[in-house]
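Trainee: I would like to go through this entry step by step. Where do we begin?

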Amino acid sequence: MKVCPYLYYSFEVLGKKWNGLIIHYLSLQPQYGARFTDIKQDLAEITPRALSLKLSELMEFELVQKHVSNNTPVEICYQLTEKGIELTEALGPLQEWARKWA
């Protein structure tokens, strides 16, 4: 039996702990972005190290991008890319399924 490579890719992204929740969290923020400290505060159970690793991983998947301000003090914001925004739209039916059956 062969597995669909597109479904395999989807689970490669979303099947890893925290990835889906971080993407969902960013989708709820103004302009789809938030600072590291805000993400850490609102996803209280994730460790700073795990959050850093997950954000890097999501950047490698090109779902999240990092913005560094030119201001002093420097502000770093993580924001969904167009690809990440489209993924959150695709998660809507999954959320509805979970609402019905969970």
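Mentor: Read along the sequence, the pattern is α-α-β-α-α-β-β-α. Helices (H or I, at least four residues) and strands (E, at least two) are DSSP runs, numbered from the N terminus. This is a predicted model, in which local features need pLDDT of at least 70, side-chain atom pairs count only at pLDDT 80 or more, and totals for chains, interfaces and linings use all residues. Residues are numbered from 1 along each chain as its sequence is written, and side-chain values use heavy atoms, with hydrogens and water left out.

Trainee: In which helix is confidence lowest, and in which is it highest?

Mentor: pLDDT is the predictor's confidence in each residue, from 0 to 100. The protein averages 94, and 99% of the residues score at least 70. The lowest mean, 91, belongs to helix 1 (residues 5-14), and the highest, 97, to helix 4.

Trainee: What percentage of the residues count as buried?

Mentor: Buried means under 20% relative accessible area, exposed over 50%, and partly exposed in between (1.4 Å probe, protein chains only). Of the 102 residues, the share that counts as buried is 29%.

Trainee: Which residues does L63 contact, leaving aside neighbours within four places in sequence?

Mentor: Contact means heavy atoms within 4.5 Å. With those neighbours left aside, the partners of L63 are V13, I23, L58, Q79, L80, T81, K83, G84 and L87.

Trainee: Why does F36 count as partly exposed?

Mentor: F36 is placed in helix 3 (residues 36-42). Leaving aside neighbours within four places in sequence, F36 is in contact with P48, L51, S52, L55, I76 and Y78. F36 counts as partly exposed because its relative accessibility is 26%.

Trainee: How far apart in space are F36 and L58, C-alpha to C-alpha?

Mentor: In sequence, F36 and L58 are 22 residues apart. In space, C-alpha to C-alpha, the separation of F36 and L58 is 14 Å.
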